[in-house]
Amino acid sequence: MAKQGGTAGGILLSLGLATLRLSAAAVVEDVLYNDGGANLTGYMAYPTGATGRLPVLIHAHAWGGLSDFERERARRTADEFGIIGFAVGVYTDSQTTQAAQGGFQVRAGLVGQYAAQPQLFVSRLSAAMAVLRNHTRANASRVAAAGYCFGGTAVLNFAKLGGAAAEGVASVFSFHGGLSGLAAGSGSFGGVRVFVYNGAADSSIPMAAGSEFQEYMTNHSVMWEFATYGQAMHGFTHPTEGTNHFHHEKVAEMRSWESMRDGLKGLGFFNGTTSAAVPAAPPAVATASVTYNDSAVSLSGYLAYPAGASGRLPVVIHVHTWNGLSDFERGRANRTAAELGHIGFAVSLFTDAETAQAQASFQAKIALVQGFTPALFASRLSAAVSFLRGHALVDLTRLGAAGYCFGGTAVLQYARMGAATADGVLGVASFHGGLSGLDALPQKYCPTRVGIFNGAGDASITNAEITSLSAALEASKTQWEFTNYSNAQHGFTHPSDGTAHFQYDKMAEQRSWTSMADFFNTTFAGEGRANSSSCVHASTTETVSYSDGNASLTGFLAYPSGVTGKLPVVIHAHAWGGLSDFERKRAQRTADELGVIGFAVGIYTDSETAQAAQGNYQVLGGLVGRYSAQPQLFNSRLAAAVGLLQSKPRADVQHVAAAGYCFGGTAVLQFAKLGGASAHGVAGVFSFHGGLSGLAAGNATFGNVRVFVANGAADAMIPMAAGTEFQEYMTNHSAKWEFATYGHAQHGFTHPTEGTGHFHYERIAEMRSWESMRDGLKDMGFLNRMSWAAAPAPAIATASVTYNDSGVSLSGYLAYPAGASGRLPVVIHVHTWNGLSDFERGRANRTAAELGHIGFAVSLFTDAETAQAQANMFAKVALVQSFTPELYASRLSAAVAYLRGHAMADLTRLGACGYCFGGTAVLQYARTGAATADGVLGVASFHGGLSGLDALPQKYCPTRVAIFNGAGDAMITDAQVTSVSSALEASKTHWEFTNYSNAQHGFTHPTDGTAHFHYDQMAEQRSWASMSDFLATTFAGEGRTSPASCVHAHAPNTTATPSPDPAGASTSPSPSLAGGNGGTLSPSPSPAGGTLSPSPSPAGGNGGTLSPSPSPAGGSGGTGSPTPTPMVTSTSLRKASWTPAAMAFVMAAPAARALA
């Protein structure tokens, strides 16, 4: 390495100019220098193309010595900030070698050496500063220092001992740096600003040590900021490695980097704007005052949004102080629009009269604040969100809430009660909010993200409150952060008002605003929220010991908080690893979300559980083999668990179900098959990725136990043939069953992925299978529910409409919630071979009444063809045979084109369902890629024909696909199921296939005296509930494949093209409501009437009326569901009753002919 000789202040400087090289966007060089006789090495990264002297950010290494981690942080500094990144050595070169080659003891010894001589930190970092003073590119008067772990301690000592101030360093940033010994002795921080970032779960830095150091800095007049990140352990910025010392945590790493970036901006290190306190609304912001209701209570609000905005925008709700809604909150809403580009919605929790009282009298404020319960906070904020649901500019998938003082408490209580999650609010931010009572039960914070910005000088906040709230948030597993600002007092964001209540602090206000902006930007981008399956709500739990004969067993009970009386129970049987935190969390989730008792039980004895925990693959395989060879052990173990429940006064032993995972899934299936479940009154069993080997052999005694099986299509341990064989076995033994297959899911899809390769977590399959279990428990009477077949409420409006497909006139039927304003999701319903009828109109009614969406029953036939189809079997067959895949697509695209001109249709949330012929239609619509091109997010087929759906092209992806099929449907063959499953799996789209036992063709449709429709109440109810969940998650942005991951199989001699934009080619609504291709609306009481079009003012909400008055539910007279009829179970009768014409329809395979 070339050296430049000479000394500077006793420091020998050696720049490695010969080693200049390029990073992605930075020039880098190695630097050799000395601290007295100690040889040190550093690494510099400069932004490409920059000229002149630049500010510098030093990076001090962790206990492993200077490594690629610190070099990468230096490069990132240059690339992202446009300044010099300088990774420096605190260890000497020989110590760095020792640390790299040594183990835990070597590194601990080095750390101990420096901890005993903290002046070494000062000396080493001062040596780095000497390098900068002699460097032609460095602006040595503008330097900051960051450190990680050991390096974090180094920069804090550098500041405390006066080295940073003496060297002119502006600030230091400590990432998970140890605090031991720092709160002792004298400190000479000078004007150096100190930023500390710690993990709440860092066992090496207890919370008490953080509180002590904050107090120490305050006593030494330091300007500081201390951020704690929930769920983060030690070394959260650093890649996890084998020593268990570093635990990378993505959210904490991201948020702490953003905070450092914003801190450097505030110090003037690079371009960045600083915040003003309460700016007036810039000209580019439009505003509106609005009113809305919470039940019968009228409330006021204030909207600010970017002028001229189109499309849907995120919303940040702003909740007022104890003064009530004022210009302060309106100013924050204005800023939200002007600076962040979001909608700012300043809301009132008080009535106008209460606001006037609060602003007039101190005593009135106190009385109002004391009158608010957590439930009232939640109710008021839910009313604000309800208003937003009717607003044409609002993106309901990106909602956040911020509150100040009283409002800060409000948003935290809103999260704690679970109301924020229920309303779809992704994150809440509290500014100087009161913290009392936030550790109370229930604690349903998760998965709502929580940010708390607090003044360290706020006399109304105690350390005990901070500790208890932090513990509650940490226990919930939500993502949270708590930032303390030095010296800031209560109300630091609010203009001082001459009282002791608001004490404006410019630095804390600017820093907290910037942090909130980053917090919501990442949240709205889908980052930083806990997976709901990981959430823990504060249930009451109990560990229990019991026995099965001489076998000692352990279980874990979770009870819903705040619920009294006897409750149903869901047993959870463990995977092959034995009872673990996974099953305990499923039990807690059962209590938290379903409101029943969750009971995680042991199949293994206590000694076997210990073996499993310590053993390897062979040990686990041996345990599984033992139980597989003695399946009566499954019976015995689960019977013992049910026996224990007899002794639990809270357990309703008349309502018990059992779920199992992997090995536990096999266990509950054996429990059902061998008669144990029936003998012990267990209503249903749910197997999640449970092995099926040996289950389709021998006798069975299922009794009335319902069996639910959830498997992964990509589970190499459970081939599709095994699933088919077990379904046939259950049918032959008169079991009531349901079998769901989830596309792309491998073995163990509900379980966190771990190192053995046995479990492969798949989020969509986990979510959908949990929803399926929940709905199954509802259906069995375990949970409070409305009747599945309830008639649509009268509060819907309907309209008959016409539209065109290239000159062909078509009819449709719209149903929508009466009085709705703004845009709503749409579910298209496609008819059977009978043509558009009261059946599909009833499904549209139900969509509006039960789901709150627009139901659009469409016709693929002309009116004349519909009349023919409804009069003559042969006409039906001829019509069905005439439809090609292209005609299906064209007819459905025409329906979507009509919706583009409809003021109520949210074109970003479209789905399509079809029945029989219509089920085939929506699947062909997806296969040809037309659904994707039209912006239809998902399709659901009910008893649809499956022939020809493996034909080319296969452009299913990214349209999400659900197929609900009757296992007794003589028209569907195993070969068809296999081929369409293979095509969907190859496409990489998210798909699912559910089979319902005994259900025949047309199971959702009223039996009509022919062999074609066979209503099955259980299959109809279950498939409707599953479709509702499927579309709800789809419309919420879940469960769709990224277009970049799609695989399209094309026919020969065609050119592959990228997937169309899922949003569709044309989503701007036409001024005409009738829209489509020149369609018309009739009769008058319809969406075309009145002043349905949203006002140009985004005040929207409940503005705009539907006139004239909506018609009754109409359609099928508002029944929405057919009359139940007995199940037909005789296969021979079912097949013998087909007419020749019907069999011709079955065998036709029109899609295949059309491609021939």
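This is a predicted model: local features need pLDDT of at least 70, side-chain atom pairs count only at pLDDT 80 or more; totals for chains, interfaces and linings use all residues.
A disulfide is a pair of cysteine sulfur atoms within 2.5 Å. Residues are numbered from 1 along each chain as its sequence is written, and side-chain values use heavy atoms, with hydrogens and water left out.

**Stop 1: the whole chain**

Show the protein chain as a cartoon. You are looking at 35 helices and 36 strands; helices (H or I, at least four residues) and strands (E, at least two) are DSSP runs, numbered from the N terminus. Of the 1156 residues, 59% are buried; buried means under 20% relative accessible area, exposed over 50%, and partly exposed in between (1.4 Å probe, protein chains only).

**Stop 2: the disulfides**

Select the cysteines. How many disulfides does the count come to? The count comes to two, and if you number the bonded cysteines in sequence order, the pairing is 1-2, 3-4.

Zoom in on Cys446 and Cys535, joined with an S to S distance of 2.0 Å. The torsion about their S-S bond is about -70 degrees, so this disulfide is left-handed. The pair links distant parts of the chain, 89 residues apart: Cys446 sits in the loop between β17 and β18 (449-455), and Cys535 in the loop between α16 and β20. Cys446 counts as buried at 2% relative accessibility, and Cys535 does too at 5%.

Now move to Cys957 and Cys1046, whose sulfur atoms are 2.1 Å apart. Here the torsion is about -65 degrees, so this disulfide is left-handed. Cys957 lies in the loop between β33 (936-942) and β34 (960-966), while Cys1046 lies in the loop between α32 (1017-1035) and β36 (1080-1082). Both Cys957 and Cys1046 are buried.

**Stop 3: Val536**

Go to Val536, in the loop between α16 (506-524) and β20 (540-548). Is Val536 buried or exposed? Val536 is buried, because its relative accessible area is 12%. Leaving out residues up to four places away in sequence, Val536 touches several residues, including Gln443, Lys477 and Asp592; a contact here means heavy atoms within 4.5 Å. Gln443 is 93 residues from Val536 in sequence, yet their C-alpha atoms are 8.6 Å apart.

**Stop 4: strand β16**

Select residues 394-404, which form strand β16; eight of its eleven residues are buried. Strand β14 (residues 313-319) pairs with β16 in the parallel sense over six bridges, where two strands pair if DSSP finds at least two bridges between them. Six bridges also join β16 to strand β17 (residues 425-431), again running parallel. Click on Ala401 in β16: Ile317 stands opposite Ala401, and the bridge partner of Ala401 in β17 is Val428.

**Stop 5: helix α25**

Next, select residues 838-851, helix α25. Its 14 residues reach 19 Å from first C-alpha to last, close to the 20 Å expected at 1.5 Å a residue; the expected span is 1.5 Å times one less than the number of residues. Among the buried residues of α25 are Phe839, Arg843 and Ala848. Just after the helix, Gly852 takes a positive phi of about 75 degrees.

**Stop 6: the largest core**

Finally, select Ile828 and Phe856, which have the most contacts inside the largest nonpolar core, a set of 58 residues. Helix α28 (residues 885-900) gives the most to this core, with eight residues. A nonpolar core is a set of buried Ala, Val, Leu, Ile, Met, Phe, Trp, Tyr and Cys residues joined through side-chain atoms within 4.5 Å.
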